[in-house]
Amino acid sequence: MTERIDNCFNKLKLINKKALITFLTAGDPNYDLSLELIKSLPEAGADIVEIGMPFSDPMADGPAIQASSLRAINSGHKMEKTFEMIESFRKNNSHTPIILMGYFNPIYNYGVRNFIEKIIDIQVDGVIVVDLPPEEDNELCDALESANVSFIRLVTPTTTPDRLNKILQKTSGFLYYVSIAGITGSKRPEINEVKTAVQVIKTKTKIPVSVGFGIRTKEDVKRVSIFSDGVIVGSVLVDIIKDNQREADIKNKIVKTVKEFASAV
Amino acid sequence: MDKLNSYKLGPDQNGRFGIFGGRFVAETLMPLILDLEKSYQLAKKDDSFQSELAYLNKYYTGRPSPLYFAERLTNYLNTAKIYFKRDELNHTGSHKINNCLGQILLARRMGKTRIIAETGAGQHGVAVATVSARFGLPCVIYMGAKDIERQKPNVFRMKLLGAEVVPVRSGNATLKDAMNEALRDWVANVNDTFYIIGTVAGPHPYPEMVRDFQSIIGKETKEQILDQEGRLPDQLIACIGGGSNAMGLFYPFLDDTSVKITGIEAGGMGLQGEKHCASLTAGRPGVLHGNRTYLLQDDDGQIIEGHSISAGLDYPGIGPEHAWLKESGRVEYIAITDSEAVEAFKICTKTEGIIPALEPSHAIAHLINIAPNLSKNDLVVMNLCGRGDKDIFTIAEHLNMEI
C-alpha cells in the first residue's frame, strides 16, 4: 500500500529523521538465511525493506548484485519463494514498507495481472522495475496505481528537465535518485553534485526523494541524508554475504552495518 | 487478400513491431537512446551521410557482393536454381561490416570518441575493430571468457586492429553476458561512448537502424536477380542468430508476397532439450536487452543459455522484427541441427569450392532438405553471409580430424 510508505516518511519527518532503505536479494544465499536476514532488518534500523527479485541478466547492476542474483537462482530460488518470504515477514511485521525491485522479464513471464494480484495479497507496498522507463511502464504502472501500490520511478544524472516532469507525473511513494551514471555498487557519487540534483528535484515535487547507487559508508549515509529524504544501501550489504562463509557471521555483520547506517540517517 | 497493406511500416514511433521491440532500458540510458534515434533519423535523410556510406560500401567493403548462380550445387541437388548472395566476400569476411560502417559514421557525426561493442563468435567484434581502426577511434570489445577461448583467431585479429578485448566472466561468460557488460559500460560512460550493437536487437532504434544498414543486401539482390533472371526469386533463405543478415536480405522483399521467405534458426542438438538456440521456434515472448521479443527462458523467466555449433547463432533472443514477422505469418522460421549444418558445410565446400561459415551452413542445410520438393524452374536465393575460415577448428573437432 502506498499509505504504508507515506506514513513511514511522515513519521520520520516528525522526528527529523530520514529513511534508511536496505536492499537484499531474495534467496541470497539461500531461502532460510535470506528470510532471517530480511526479518532482522527493521529491528536493526531499516525503515523500508527493498527486496530484489533475482534475474539472470541484471544489466543495470554491478558485480555485487549480479553475483547475489546468481547465488539466489543457483540455490533454487523462484518468484513464488520471494512471495512466500514476504508473507512470512508480514506475519510479524505489519508496519515496515516492502519494496520489490527487479527486472521486467520475470514479472512479464509471471503475468502482469497475476503479479499484481499476488503482491496486493501479500502486502507489498511498492515496486521498482529497472528496465521499465516511463516510455514502457504503462502496462505495469497504471495497474499498480489503481491497486494502490507505489510505482517507484528512477531519476538519474542523465535525466533531462523535460523527462523529469514526465517521470514525476506518475511516480508515487518516493522518487529514487540514482546518484551516479553507472551501475550499482561501482563509482562513488560526487555528493555535492547529488545534492544539487536532489535540490532541483525537490523544487518540483513534494514526493520524498531517496538516493541510492554507490553509497557504501556511514559517512556517505550521513552526508546524503542531510539533503535527501532517504538513503538506499545495497551492494555493501550484499558483499557481506559474498565475503563470509558462516551464516552467523553474515547475520551479525549485516545487522551491525545496518545499525551503523541507521545511526547516521 | 493480404492481411496488411505493407509489412515494411515498422517500427512505430515507440519502436514497436506489433507488441515487439520497444525501449526497455534503465533511465540512465533513455536520454541517450532518444538522442541516438533523433541523430539517426536526421542522418538517414542526409545525402552527405548516405553518399559517404555508399562510397565506403563500394571501395572499402567491396560492394556490391555478387549474386552467384551455384550451378554445381544446383546440379548436385537436382533442384531449383540456387543463387548465393556472396556477402562472405566482403572485407572482414561477413555481412557485419555493412552495419558497422553505418554506425561508426553516425558515431562520428554525433561527436562520440569511444566505441564499444559486444561479440560472440568475434565476427562483429572484428568488423567493429576494423571500422574503429579505419576512423581512428579507440574501441573496447566485450566478449564472453568462454567465447574468447573458442574463437582465438578472431580475438587475435581484434587485438591486431587495436581493440581492447575485455573478457566477460559474469553470468555464463558468453554472448548475452557480453551484451549485458557492454550495456553496463555504456551506462557508466554516457557522454563520450557509442555502442555499436551487432544485430537487429536491443532497444529502439537499433533494430531499425541495423536493418536499414543491412538492407543493402536485399536491395542489391533484387536488382541483381532482375538483371540476371528477369524476375523476382521464388524463395529467400537466410540463417538467424540475432537476425541481421536475414533482416537485411528479407526487408526489401517483404511486400513482394509471391516471394516465400524462410529464416533458419540453430536447432543445436535438437529442440527437445535445452541444447539449441531456436528462440522463435521453441522460445516464448519476454523482455531482454532493451526489447520485447522471443526468448529462451525457463518457467521462472530466467534466461537460458542456448547452444549451437555456430557461435554466431548462439544467442537466446532474436530481433523483434523477426518476432513480429513470425506472428504475422509473413516469414516462416525453421530450425536446423548442428549435424545437418556440418553436412551442408561439407557439401557446399566440395561442390562449389566455397567454404561457408557455420551460420549460413544452416541455411544451406534447409535448402538441401527442401530440394526434393522444389520445381526446377524455381529460383532460390540463399544469403551466404560469412566465410568459414573461422570455423575450421570447430569443424575439425566435430569430425574428429586433426588440423
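**Where chain A meets chain B**

Between chain A and chain B, 23 residue pairs are in polar contact, counting pairs with both residues at pLDDT 80 or more. That cut-off is there because this is a predicted model.

Now, which elements of chain A touch chain B? Four of them give two or more residues to that side: helix 3 (63–74), helix 5 (104–110), strand 6 (154–155) and helix 8 (161–170). Helix 5 of chain A gives the largest share, with 5 residues. What kinds of residue sit on this side of chain A? There are 20 nonpolar, 9 polar and 9 charged.

Next, the whole interface. On chain A, 38 residues are in contact with 39 residues of chain B. The size of an interface is often given as the accessible area lost when the parts come together. Here, the two chains bury about 3000 Å² between them. Of that, 51% is on carbon and sulfur atoms. In chain A, Asp57(A), Met59(A) and Glu136(A) lose the most area to chain B. Together they make up 22% of what that side buries.

Keep an eye on Glu136(A). It also forms a salt bridge with Arg16(B). The closest N and O atoms are 2.3 Å apart. In total, there are 4 salt bridges between chain A and chain B.

Last, the cores. The largest nonpolar core has 158 residues. Phe115(A), Leu140(A) and Phe174(A) have the most contacts inside it. Apart from that core lies another, of 32 residues, including Phe20(B) and Met247(B).

And what does Phe115(A) touch, leaving aside its neighbours within four places in sequence? Its contacts include Met53(A), Phe83(A), Tyr110(A) and Leu140(A).

Note on methods:
Residues are numbered from 1 along each chain as its sequence is written. Chains are lettered from A and ligands numbered from 1 in the order in which they are written. This is a predicted model: local features need pLDDT of at least 70, side-chain atom pairs count only at pLDDT 80 or more; totals for chains, interfaces and linings use all residues. Side-chain values use heavy atoms; hydrogens and water are left out. A nonpolar core is a set of buried Ala, Val, Leu, Ile, Met, Phe, Trp, Tyr and Cys residues joined through side-chain atoms within 4.5 Å. Buried means under 20% relative accessible area, exposed over 50%, partly exposed in between (1.4 Å probe, protein chains only). Contact means heavy atoms within 4.5 Å. Buried area is the accessible area (1.4 Å probe) that two parts lose on being put together, summed over both. A salt bridge is a side-chain nitrogen of Lys or Arg within 4 Å of a carboxyl oxygen of Asp or Glu. A polar contact is a pair of N or O atoms within 3.5 Å; within protein, one must be able to donate a hydrogen and the other to accept it, and residues adjacent in sequence count only if both atoms are side-chain atoms. Helices (H or I, at least four residues) and strands (E, at least two) are DSSP runs, numbered from the N terminus. Ala, Val, Leu, Ile, Met, Phe, Trp, Tyr, Cys and Pro count as nonpolar, Asp, Glu, Lys and Arg as charged, and the others, Gly among them, as polar.
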